[in-house]
Amino acid sequence: MKKTLNLILAGVTAMGLALSAQAEDYITLASTTSTENSGLFDSILPKFKEATGIDVRVVAVGTGQAFELARRGDADSLLVHDTAGEQRFVENGYATERADVMYNDFVVIGPANDPANIRDAKSAAEAFAAIAEAEAPFTSRGDDSGTNRAELRLWENAGVEPEGEWYRELGSGMGPTLNTAAAMDAYVMSDRATWVAFGNRQNLTLLFEGDEVLFNQYGSLLLSEQKHPHLKHDLARQWHNWLISEDGQQAIADFKVDGQQLFFPNAK
Amino acid sequence: MENNAFYVALSLLLNFDAALYQIVALSLQVSLLAVLIAAVLGFPLGAAVALWRFPGRGGVIVVLNALMGLPPVVAGLMVYLLLSRAGPLGELGFLFTPGAMVIAQVVLVLPILAALSRQKVEEMLGEYREQFVSLGMSRARMMPTLLWDARFALLTVLLAGFGRASAEVGAVMMVGGNIDGVTRVMTTAIVLETGKGNLPLALGLGIVLLTLVMLINAGAYLVGELTRRRTG
Amino acid sequence: MTSMNAPLLASSALYPPPALSFDGVTFSHEEKVLLGPCSFTLDGTGPTLIMGPNGAGKSLLLRLAHGLLSPTQGQVSWSSEGSPRQAMVFQQPVLLRRSAVANLIHALSVNNVPRRARAKLAFDALERFGLAACSDTPARVLSGGQQQRLALARAWVLSPQVLFLDEPTSALDPAAIKAVEAAVREFHKRGTRIVMTTHDLHQARRLAGDVLFLSGGKVREHTPAETFFNTPVSREAQAFVAGELVD
């Protein structure tokens, strides 16, 4: 009886130790599911670690939640894709610096038979208008993410109020939204990275790409030392600087899926 | 695709790679530790509610029973707000660590262990009460006796708690962050792979999780049966 | 309820044991009087056998005496200062889901017997009641007779001044009945006050020092055993002793 108790105690202590053991040199990075799902971090983080010895722990959430994490002081650094929101974040004093890091682009995906015939559209606005005209099923993230916000801007450009039976707001991440679109043969707007890495395409195919309004800019933010003095600002600055350095930019350019480059470095 | 998933699950198990091993080990550590802590708190709590009559007792029982159905994501949100830097326990720096996941799962499992052990202990108390009073036992003294004598029933309760802990995803996702190599567990890995559209891999991981849970249940069942046969 | 200030197994030579008095005791449930009013005193050497037809209130009276139930009216009192050490053996023994010896050790631990002393006291009691060979057997897989002897052994280690037994042999075969009766005599020899219910006339003749006869929730007579069996006074007792069906 006593022996068992001792054993259990020893086990609990060991587990407690194992769970609390953590490297000191790490930062927590709040970023978006689209970057995480593409596999970009698996490719560039080891290079950053090699250069600086710093671990980056990625918490991948929607852009809205990523901002919220940073606002509450739960993340050391922020890498998101909502330029307008990022600028507001700096204006409100939560971040001290914002830098362009890279861009990828959005693509419009849909069933191979393309009932709204957007293949031949001249612009994104035309493609979106055609989908609304045909009332072809369209699945939207509906989660206030960067992608979702970009999509809503595109409907506005096309002069369409997206509502009705054909427009489905899912409240899901990019991957689950693609899964749903595949299941119901719907149109969907996705970032290219998630689409290229996506494994459950079924009948879906890439139908429209290349319009400049579809470019998706990523920015890195340095968070305010005043608001959250406890954060690892030194390490976060190293990460921020590395991302926009020559090495970091090269690492981003080197990341390819099936021989296709997904992110295009554009730090100034 | 199902065939595919079973194939993936099998090769995952056979080629036991380091990443999978780490995920499985962390899942077990977090859930087992959470269930253990919840048991240390929940069993005496359940027994106390069974033993003592106090004003509001009915309300406590209703609340415990209702909390058994607490959505994991709500538990996660509560623990997140507690551990967030802006929250009351933010100073601890517990957020996005396995420790935070343990806390969230304790919140989920504790009501199950307390509510079910209350029921089991009360049943047993009905059988033992006269003998206990005859022996001159106080209520406080009855508690350890009842908990020990209900050990087989409580083992099943413990398994129910473990099932809940190891199956939930909402709470650990929110307070753990699904950080690769740090807080990624089986369920959050499954969500991630589903998001990537890697359905066979996701299902394969699910099969691995199911296999693990079944093994643990089978082990507990065997231990229970063997000791039951020995001690009647 | 049991005050254990006196060292355990101090020889129970405090003879005679404390006397038990019922003074106008009534027990009602939902407005219905189930027992009483009863007034009597048990101060002889006993053993006291409580007899009467089914539903007469025998078990109720025993539980009131032992303190498992509180009287609706009246008082239960002892001649000793405070309640004496007492134990009860039930018709269906309530044994813990542990080994035979662990059941005794548990009872000793509940009564604050020092840890060192428990094992020896427990084994001695098992031996005395012929259970030494099954000390490690789970209590609940013992035969009915063995279980009842274990319940008696549990009472024994507590060295009670008063022992209550509620129909302890009604579910047992003759050999087991004999063993239980022998155990009761041992307790009696040690100076324990015995208060026992039975519906078995033969058993009462074998054990009783005095008889308390109940019917319809009332005490009809309380006399020495010889008087009760040979010249019962009340009509109900006459009929009962004659073996007629009484209600």
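A nonpolar core is understood here as a set of buried Ala, Val, Leu, Ile, Met, Phe, Trp, Tyr and Cys residues that are joined through C-beta atoms within 7 Å. In this structure, which is a predicted model, the largest such core comprises 215 residues. Within that core, B:Ala104 and B:Val175 have the most contacts. Helix α5 of chain B contributes the most to the core, supplying 18 residues.

Another element of chain B to consider is helix α9, which spans residues 186–195 and is mostly covered, with nine of its 10 residues buried. The buried positions are B:Met186, B:Thr187, B:Thr188, B:Ala189, B:Ile190, B:Leu192, B:Glu193, B:Thr194 and B:Gly195. After α9(B) comes B:Gly197, a residue with a positive phi, near 75°.

The text now turns to the contacts between chains. Where chain A meets chain B, 27 residues of chain A and 23 residues of chain B take part. On the side of chain A, at least two residues each come from α1 (2–20), α2 (33–38), β2 (55–61) and α8 (174–184). Of the elements of chain A, α1(A) gives the most to this side, namely five residues. The side of chain A that touches chain B is made up of 11 nonpolar, 13 polar and three charged residues.

The contact between chains B and C draws on 15 residues from chain B and 19 residues from chain C. On the side of chain B, the elements that give two or more residues are α5 (98–134), α6 (139–149) and α10 (199–231). Helix α5(B) gives the most to this side, with six residues. The residues of chain B that touch chain C divide into four nonpolar, six polar and five charged.

Chain C itself is divided into domain 1 (42–69 + 163–176 + 191–247) and domain 2 (95–159). Taken over C-alpha atoms, the centres of these two domains of chain C are separated by 28 Å. Seven residues of domain 1 are in contact with four residues of domain 2. The side of domain 1 that touches domain 2 has six nonpolar residues, no polar residues and one charged residue.

Methods:
Residues are numbered from 1 along each chain as its sequence is written. Chains are lettered from A and ligands numbered from 1 in the order in which they are written. This is a predicted model: local features need pLDDT of at least 70, side-chain atom pairs count only at pLDDT 80 or more; totals for chains, interfaces and linings use all residues. A residue is buried if 20 or more other C-beta atoms lie within 10 Å of its own, exposed if 12 or fewer, and partly exposed in between; C-beta atoms are placed from the backbone. Helices (H or I, at least four residues) and strands (E, at least two) are DSSP runs, numbered from the N terminus. Two residues are in contact if their C-beta atoms, placed from the backbone, lie within 7 Å. Ala, Val, Leu, Ile, Met, Phe, Trp, Tyr, Cys and Pro count as nonpolar, Asp, Glu, Lys and Arg as charged, and the others, Gly among them, as polar. Domain bounds come from an automatic or database domain assignment.
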